[in-house]
Amino acid sequence: MTAGAVYHFKSDGTWEKADADAASTCDGLLGVALGASSDDNGVLLRGMVTLDHDPGAVGDVLFLSTTAGQATATAPSGNGDIVRVIGYCLDASNGQIFFNPDGTFVEVTA
């Protein structure tokens, strides 16, 4: 796992990087990796966390990105992309966010 990346919990009990390009990688439980191993370091399910990238400006609504494991302030818009709110940007220069993924999502039909 990559600390600060966004992951999706799979049906086999493992984690995969969440990706808005496919519902199967972002439709269920989401978390942010707190270290290299979910067993040793844990996964944040809700709360304040620092991502491994800067997702937007202060106050921006954040969505899952079409880049696996990342968040973005721009809602995905490609055909088949998944739009899911995952939190809010707290700081524009160090990746701090309030991670609070919504349980609902929509699939774009373009």
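The model is predicted: local features need pLDDT of at least 70, side-chain atom pairs count only at pLDDT 80 or more, and totals for chains, interfaces and linings use all residues. Residues are numbered from 1 along each chain as its sequence is written, and side-chain values use heavy atoms, leaving out hydrogens and water. The protein chain has 1 helix and 11 strands.

**Overall fold**

- Helices (H or I, at least four residues) and strands (E, at least two) are DSSP runs, numbered from the N terminus.
- The elements of the protein chain follow the order β-β-β-α-β-β-β-β-β-β-β-β from the N terminus on.
- The radius of gyration is 13 Å, close to the 13 Å that the globule rule gives for 110 residues, so the protein chain is as compact as a globular protein of that length.
- That radius is taken over C-alpha atoms, and the globule rule is 2.2 Å times the number of residues to the power 0.38.
- The C-alpha trace spans about 40 × 35 × 20 Å along its principal axes.
- Of the 110 residues, 41% are buried.
- Buried means under 20% relative accessible area, exposed over 50%, and partly exposed in between (1.4 Å probe, protein chains only).
- Contact means heavy atoms within 4.5 Å.
- Among contacts between residues at least 6 apart in sequence, 53% join residues at least 24 apart.

**Nonpolar cores**

- A nonpolar core is a set of buried Ala, Val, Leu, Ile, Met, Phe, Trp, Tyr and Cys residues joined through side-chain atoms within 4.5 Å.
- The largest such core has 17 residues, of which V6, V32, V49, L51, L64, I86 and F99 touch the most other members.
- Strands β3 (30-33), β6 (61-64), β9 (85-89) and β10 (96-99) each supply at least two residues of this core.
- Another core, of 5 residues, lies apart from it; A5, W15, A33 and V43 are among its members.
- In soluble globular proteins, nonpolar side chains tend to be buried together.
- V49 contacts V32, L34, L44, G95, Q96, I97 and F99, leaving aside neighbours within four places in sequence.

**Strand β1: H8 and F9**

- H8 is found in strand β1 (residues 6-9).
- H8 counts as buried because its relative accessibility is 5%.
- The side chains of H8 and D27 make a polar contact (3.0 Å).
- A polar contact is a pair of N or O atoms within 3.5 Å; within protein, one must be able to donate a hydrogen and the other to accept it, and residues adjacent in sequence count only if both atoms are side-chain atoms.
- Beyond four places in sequence, H8 is in contact with residues including T14, W15, C26, D27 and L30.
- F9 also sits in strand β1.
- F9 counts as partly exposed, at 34% relative accessibility.
- Beyond four places in sequence, F9 is in contact with T14, W15 and L29.
- F9 and G31 are 22 residues apart in sequence, and their C-alpha atoms are 7.8 Å apart.

**Cysteines and A68**

- The disulfide count comes to 0, where a disulfide is a pair of cysteine sulfur atoms within 2.5 Å.
- C26 is buried, at 0% relative accessibility.
- C89 is buried too, with a relative accessible area of 2%.
- A68 lies in the loop between β6 and β7 (71-72).
- A68 is partly exposed, with a relative accessible area of 35%.
- A68 and C26 are 42 residues apart along the chain, with 10.0 Å between their C-alpha atoms.
- Leaving aside neighbours within four places in sequence, A68 contacts K17, A18 and D19.

- L62 lies in strand β6.
- L62 is buried, with a relative accessible area of 0%.
- Not counting residues up to four places away in sequence, L62 touches residues including P55, T72, I86, C89 and I97.
- V106 lies in strand β11 (residues 106-107).
- Beyond four places in sequence, V106 contacts D81, I82 and V83.
- The C-alpha atoms of V106 and D81 are separated by 8.3 Å, at 25 residues apart along the chain.
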